[in-house]
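The stops below are given in the order in which they may be selected.

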Amino acid sequence: MNTLYNGVQFPCDGPDLKNIERIDHGCISMVTAMMSRGLQIDLSHFAQMEKQLTEDMERITETVKNITGHYINLGSGDQVSDLLHRVLGIRQPKVKLTKSGDRESVDYEALVAIQHEHEVVPNILDYKELEKLRGTYVVPMPKLARRTAHGVWRMFPNLGQTRVPSGRFNCKEPNLLAFPTRTKRGRQIRHGFITEPGWCYLSVDFSQFEPRAAAHYSGDAGLMRVFENEEDLYSDFAIGAFSLPDQRHQDDAGKWHYPGVDKDEHRFPSKTCTLASLYDVTAIGLQEQMPVICANCLKPASADKDDVEVHDCGDFEPLWTEDKCQEIINAFYIKYPGLLRDRHRHHGRARRYGYLWDDWGRLHHVAAVRSVHPWVVSSALREAGNFPYQALNAGALKISMAQIHDELTEAGILGDVAWSLLPIHDELVFECRNDVAEEVGIYTKEVFENCVPLKVPVKAEFKTGVDVTTWGHAK
């Protein structure tokens, strides 16, 4: 067993509440500093976003009217359900009703299931996305900001670290950790968080920590080889999943190249499948995340809508069937069989004890695995399977936070020429003076990479610079 910063023990053979206490208490000083500092915001940015989102919602409403001949309030579930199911006659593959049972549901999952049945459904999904951005983030958030000295408006996050079973941080009033980042619109929100002249944002995050945690727990030879040789995991999987010729090689700088692996056709689906498989996602769930194709120009576009917004000439159809998704999931476990054995190990522990623990000793109760309802058991086992990876990640971040805060404070850097702002899953966000940002980034990256001795190397990266004047520029 190794002794880490603040006497934290790693790995633990069983539940160890004292060890968890050392981890959670160690980062309190940085958390307190973050809540006291807050993030500066640009009120005009949010006002402009609100105006643009409102105009786009009105445009989509008009588009739906032109397609269907009916003008409805797209924010009304009753009117949307009536249009789709009674007027247009669209039927769900598996009928899903509202909680009251008075009509068919038109929530996000229900709409995604029928998005290829009629061209109006993708428009309604777009409307709902804009409506959520506007109603949940863009309009309420500036109202939660407080004016500080010299007319600066700041948001002060309320951070907690005991509500999420894995030990991850949660945030409320407002929830700055839950901004949607899969679309350009969602990422635009972060550009509303700014710095003073002469200062910049610094973002430091772990590189593929959860896949590395999976390699650490499972000991899978293929996964460990990829990380030990600093290869690209997703290209490595793509070669086997798509039966491609293995032409990988390193250049003089040590960077790996995969000539036979196409970024969009092979690597992106492989990446999506890898991350989904770590969370035990089903073939149907994976299909929703896979690339789609424009029905008019036949150009592919990623399912996260980054490219979908470029192709505005037609509807989008799935490139991946449910059977095809199941095939690539099977290929993943054939390529890295140790992961499946590791998942069964965690499932067995959950079934035997009604709880399980990670290598920090953090305990997670999963009594639902003993339910008489198969769907409840399935959900509990899925939660048990990915808990150790998330918890290992959360513990590594907290240990890093404790060390960074103590050492940079002692050096007179934090609170003077640099401020810690926010922890986000596997990332730390700072606000630094331009002349020290690079040095703080290098130091923080080193702490991240040496915070916990996994069986595979831990890697991190950072983004900063004089042009990184908003949070959005830091990713």
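Predicted model: local features only at pLDDT ≥ 70, side-chain atom pairs only at ≥ 80, totals over all residues.

Residues are numbered from 1 along each chain as its sequence is written, and side-chain values use heavy atoms, with hydrogens and water left out.

**Stop 1: an open sheet**

Select strands E3, E5 and E4, which form an open sheet of three strands in the order E3-E5-E4, with antiparallel pairing. Strand E3 (39-40) and strand E4 (146-147) are at the edges with a single partner strand each, so one side of each has no neighbour in the sheet. Strands (E, at least two residues) and helices (H or I, at least four residues) are DSSP runs, numbered from the N terminus; two strands pair if DSSP finds at least two bridges between them. E4 and strand E5 (residues 153-155) are joined by two bridges; Arg147 has Trp153 in E5 as its bridge partner.

**Stop 2: the nonpolar cores**

Next, display Leu84, Phe193, Trp360 and Trp471, the residues with the most contacts inside the largest nonpolar core, which has 112 residues. Such a core is a set of buried Ala, Val, Leu, Ile, Met, Phe, Trp, Tyr and Cys residues joined through side-chain atoms within 4.5 Å; buried means under 20% relative accessible area (1.4 Å probe, protein chains only). Helix H6 (residues 120-138) supplies the largest share of this core, nine residues. A second, separate core of ten residues includes Leu356, Ala380, Leu381 and Phe387.

**Stop 3: strand E17**

Move to strand E17 (residues 427-433): six of its seven residues are buried, so E17 is largely enclosed by the rest of the structure. Strand E8 (residues 199-206) runs antiparallel to E17, joined by seven bridges, and Tyr201 has Glu431 in E17 as its bridge partner. Strand E16 (residues 418-424) also pairs with E17 in the antiparallel sense, over six bridges. In the hairpin of E16 and E17, with two residues between the strands, select His425, which takes a positive phi near 60°.

**Stop 4: helix H16**

Finally, select helix H16 (residues 374-410), where 27 of the 37 residues are buried, so H16 is largely enclosed by the rest of the structure. Where does H16 bend by about 40°? The bend is at Phe387, and a proline, Pro388, follows within four residues; the angle is taken between axes fitted to the seven residues ending there and the seven starting there. Just after H16, Gly412 takes a positive phi of about 75°.

Terms used. Buried < 20%, exposed > 50% of the residue type's maximum accessible area, 1.4 Å probe, protein only.
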